[in-house]
Structure formats: C-alpha cells, structure tokens
Amino acid sequence: MPETPYCPLLSINKDIPVLCQEELCMWYIKQLKLCSLTVMAYTNALNLQTPAASGTPQAAPLKPQQSQPQVKQNLTNQPKREEVKAPNPFALDDLD
C-alpha cells in the first residue's frame with residue numbers, strides 16, 4: 001500500500017505536515033485516490049508546459065512604465081476568444 005500523502009490545506013503554517021484524511025475529506029477523489037487540489041495543480045502545471053495555440057496572443061514581457069495618460073477601455077460587448085484546452089488526464093468519464 002502506498003504511503004499516505006500530506007494534506008496541502010491542513011499543512012499550511014504547520015511545523016509538521018498533516019496526513020491526508022483521504023475518504024473523510026470532501027476534497028478527496030475516491031476514483032483517483034488523489035486530492036482534488038493536487039489534481040488541479042498538476043493539470044495547471046501541464047497546461048503551463050503546453051505551447052499556446054496559434055490564435056492566442058502571447059503575454060508581452062514587462063517593460064518599465066513611462067508616464068503616459070491612462071486610456072479607459074470601452075465596455076461594449078466584444079466577442080469572446082475561444083480557449084483551446086488540453087484534454088484533462090484526470091477525466092472521470094470512464095470511471096465507475
């Protein structure tokens with residue numbers, strides 16, 4: 001049996017990490033036997049590693065700001081950009 005992992009939430013500001021409560025915790029996913037916070041962090045880490053879609057603009061590097069007048073954005077309805085998401089490796093569709 002694998003070693004019980006530590007809980008990322010209960011371990012905040014503790015000197016000794018707190019063990020995962022597993023099925024007693026609302027954040028625990030029984031089918032995956034993982035904490036949902038761990039799953040979300042892992043999924044976001046995978047999304048950071050994938051290259052951006054060709055239609056998605058890249059974030060420009062930060063430059064020192066010069067004194068320029070501020071421009072207010074127009075609050076009209078603009079078409080939303082479609083986000084391309086990578087398939088989630090933790091999809092629960094095939095689990096019973």
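**Entry 1: helix 1**

I looked up the buried positions in helix 1 and found S36, V39 and T43. Buried means under 20% relative accessible area, exposed over 50%, and partly exposed in between, with a 1.4 Å probe and protein chains only. Seen down the axis of helix 1, these buried residues fall within an arc of 55 degrees, so they line one face. The arc is taken over the directions from the helix axis to the C-beta atoms. An α-helix has 3.6 residues a turn, so residues three or four places apart point the same way. On the other side of helix 1, I noted L48 and Q49 as exposed.

**Entry 2: provenance**

I am working on a predicted model, in which local features need pLDDT of at least 70, side-chain atom pairs count only at pLDDT 80 or more, and totals for chains, interfaces and linings use all residues. Residues are numbered from 1 along each chain as its sequence is written, and side-chain values use heavy atoms, with hydrogens and water left out.

**Entry 3: helix length and fold**

I checked the span of helix 1. At 1.5 Å a residue, its 14 residues should span 20 Å, and the end C-alpha atoms are 20 Å apart, which agrees. The expected span is 1.5 Å times one less than the number of residues. The protein chain has one helix and two strands, in the order β-β-α along the sequence. Helices (H or I, at least four residues) and strands (E, at least two) are DSSP runs, numbered from the N terminus. Of the 96 residues of the protein chain, 10% count as buried.

**Entry 4: cysteines**

How many disulfides does the structure hold? I found zero. A disulfide is a pair of cysteine sulfur atoms within 2.5 Å. The sulfur of C7 has its closest cysteine sulfur in C25, at 5.8 Å, too far for a bond. C35 is in no disulfide either; its nearest cysteine sulfur, that of C7, is 5.9 Å away. C7 counts as buried at 10% relative accessibility, and C35 counts as buried at 14%. C25 is partly exposed, at 25%. I located C25 in the segment before strand 1 (28–29). The C-alpha atoms of C25 and C35 are separated by 8.7 Å, with the two residues 10 apart along the chain.

**Entry 5: surface patch**

I then looked for nonpolar surface. L9, I12, M26, W27 and M40 form a patch with about 570 Å² of accessible area together. Patch members have over 30% relative accessible area and no salt bridge; like charges are joined within 9 Å, nonpolar side chains (Val, Leu, Ile, Met, Phe, Trp, Tyr) within 5 Å. A salt bridge is a side-chain nitrogen of Lys or Arg within 4 Å of a carboxyl oxygen of Asp or Glu. Areas come from the Shrake-Rupley method with a 1.4 Å probe; for residues, only the protein chains shown count as cover. M40 sits in helix 1 (residues 36–49) and is partly exposed, at 44%.
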